[in-house]
Amino acid sequence: MKKTPEQLLSALYQRIASLDYAYYVEDQPQVSDAEYDALMLTLRQLEAAYPQLISTASPTQRVSGVAQNKFTPLTHRLGMYSLDNAFSDEDVYQFWQRIVNVLPQAVPAFCVEPKLDGLAINLTYEDGLLIHAATRGDGEVGEDVTLNVRTIRNVPLRLLADAPKGIVEIRGEVVMPKQAFEALNRKQLSMNQKTFANPRNAAAGSLRQLDPQVTAQRNLQFFGYALGYVEDVALLPPSQWGLLALLRRWGIRVAQEATYVDGIDNLLAYYHKIEQQRNALAYDIDGVVYKLDDLSHQRQLGMTAKFPRWAIAHKFPAQEVWTKLEAIDVQVGRTGALTPVARLKPVSVGGVVVSNATLHNADEIARKDIRVGDTVIIRRAGDVIPEIVAVVSHLRPEEAVPFVMPLRCPVCDSEVIQEVDKSVHRCSGGLYCPAQKQRALEHFVSRKAMDIQGLGGKVIEQLISQGLVQHADDIYALTEMKLLSLPRMAEKSANNLLTAIHNSKRTTLSRFIFALGIPEVGEVTAAALAQYFGTLDALMQATEAVLLEVNDVGPVVAMHVVHFFAQAHNQAVIQKLIERGVHWPDVEKHAVVATPVQGKTVVLTGSLTSFSRDEAKAILQRLGAKVSSSVSAKTDIVIAGEAAGSKLQKAEALGLVVWDEAQFMQLCVDPYDVVN
């Protein structure tokens, strides 16, 4: 028999609701996205043909209506009580004892579940159809957020199996998963809009949007955990655990970590187990909830004026607290990067007393508008370093002023520069700054720099701790007696190290420039600078405009070079290095001539027999080429070695110039062009 439009619509409603339940509640998709989209398309077409038959339970009606001007009050049929809190094992023992005193003949068993950190919501269904959704409010009257809750994909618009007749209130929590929260804040940042402090605030803010279209984009989820008013009390199961099973049958998601336990020891074991899992969960929780399982026992225990006597929330140590920002200090790292650190009025967060928190960089401080004197929200999750997530702006003192990064290094007083297009501020006193000396010295003695074999990181650390070496020039003042004072340094090792130090005095200008550790100046750039200027004095006096004439030197490199040599501290160390015997042969400057690859984009592909890929790239860059990793219509030349693959094929298809290794070797007839 041919089905009527009503029957077709009803079947589509049921099929799509079943698929939504599998996808959004059980996390077990039953069909492909394409098949699901086809069902939705069929539904829309059928509803377009019979608009008078469209039901509010239709999946197409999740986002409906226009933006609201305000939320209207909605009275709960049965009050929404909050839970009393336990903050220690002793509090839980007292809760247990109170129950045992009332039920001396019973062996209390409990339904236990995570305490979700979201927004409490009351869903009202009539004959299985969602008709209202309200916030908790004051427990008696909440706000009508029906249109927004309808957009939450795991909230059934019509209850599934065994849908009850009459009115039933389902209570639970609306949360924003951590992944959705992070994505939302990234989007807010990209739009230069205020970010949310935590998933709970994001969930509350999203659910209270006046435009349900906005809420629909926020990926909220609902977890049920209780019933409110129930018109047909015969529906009620005898236990809390049975109640959760009933919610599942109706298509309501419940926390999968919920379980059934008995005995006080098992209550506490569950608490500690969930506490260990806390950071790995997909959503935020702030404790666990113990509910007496037998509903008749719940009724026997009853309520206080505020709380049920048969349930309690065992709270975790707070991961988020408020405290005062007393100062912002600036630390200098091993690379010279300046990092602002918040000095806080000590406060306990997650069971640990915190007095410092990371601020990342100046851009992050400006984005969050963090100022000394502010009351700030501190968050610490597990072993994660505490951070300031937001400012409590209405508590800001009038005298609070925006933070400004220092212009001089707080450690060595060298100039501080901000890297172009980056949020990093960096000390320019690389050779002198005590905060950078370990890393600067390790770089100075490395194989491609001064090549002092035997002077590794551990020995450098010992030399620094003994006060024997502070700057690079101190290395050349070491003696056998000084080295033998180091732990586990034998005479032979000391003499070998002194020989290596002596041999390193004869170097090349390019190696010396590289050894200085100027930011952004690598081997190839150092070689280009040595070749162009010929002498160290000429390089040290060069302006940014002159530096930009050198191949492989752009605005960022030019800025770093000028700032580095402008520091009196760096000049002093360089002078002492020369006085202590570091020298190099004169560099024979080559006339700057045009080359076949000057200003051209070149791609290397396949294996070369005469050079490594890095060596070939360095040669091309020194000859003025721009080396790219991909072939496109903008590529000028492709150099193809053995076993060249798809890049060669693409070059031939585009009709590009292709060289083999022999043609490339023609560029390298001058020893200047070969990288040693």
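These are my notebook entries on what I looked up in this predicted model.

**Ground rules.** I number residues from 1 along each chain as its sequence is written, and my side-chain values use heavy atoms, with hydrogens and water left out. Since the model is predicted, local features need pLDDT of at least 70 and side-chain atom pairs count only at pLDDT 80 or more, while totals for chains, interfaces and linings use all residues.

**Overall shape.** I found 24 helices and 22 strands in the protein chain; these are DSSP runs numbered from the N terminus (helices H or I, at least four residues; strands E, at least two). I then looked up the radius of gyration: 35 Å, well over the 26 Å that the globule rule gives for 676 residues, so the chain is more spread out than a compact globule. That radius is taken over C-alpha atoms, and the rule is 2.2 Å times the number of residues to the power 0.38. The C-alpha box, along the principal axes, is roughly 100 × 65 × 50 Å. Of the 676 residues, 47% count as buried (under 20% relative accessible area; exposed is over 50%, partly exposed in between; 1.4 Å probe, protein chains only).

**Salt bridges.** I noted 19 salt bridges in the structure (a side-chain nitrogen of Lys or Arg within 4 Å of a carboxyl oxygen of Asp or Glu).

- Lys115 pairs with Asp286, with the closest N and O atoms 3.5 Å apart. This pair links distant parts of the chain, from strand 3 (residues 109–116) to strand 10 (residues 285–292), 171 residues apart. Asp286 is buried, at 16% relative accessible area.
- Asp369 and Arg371 meet at 3.0 Å, N to O. Asp369 is partly exposed at 31%, whereas Arg371 is buried at 17%.
- Asp474 bridges to Arg580 at 3.8 Å between the closest N and O atoms. Both sit in loops, 106 residues apart: Asp474 between helix 13 (457–465) and helix 14 (480–484), Arg580 between helix 21 (568–579) and strand 19 (601–605). Asp474 counts as buried at 18%, and Arg580 is partly exposed at 32%.
- I also traced one network, in which salt bridges that share partners join Asp117, Arg200, Asp284, Glu320 and Arg379.

**A charged spot.** Which residues gather in a patch of negative charge on the surface? I listed Glu126, Asp127, Glu231 and Asp232. Patch residues have over 30% relative accessible area and no salt bridge, with like charges joined within 9 Å. I checked Glu231: it is in the loop between strand 8 (221–230) and helix 8 (240–249), and is partly exposed at 46%.

Conventions
Patches are made of residues with over 30% relative accessible area and no salt bridge: like charges are joined within 9 Å, nonpolar side chains (Val, Leu, Ile, Met, Phe, Trp, Tyr) within 5 Å. Accessible areas come from the Shrake-Rupley method with a 1.4 Å probe; for residues, only the protein chains shown count as cover. Lys and Arg count as positive and Asp and Glu as negative; His and the chain ends are not counted. The place of a charge is taken as NZ of Lys, CZ of Arg, CG of Asp or CD of Glu.
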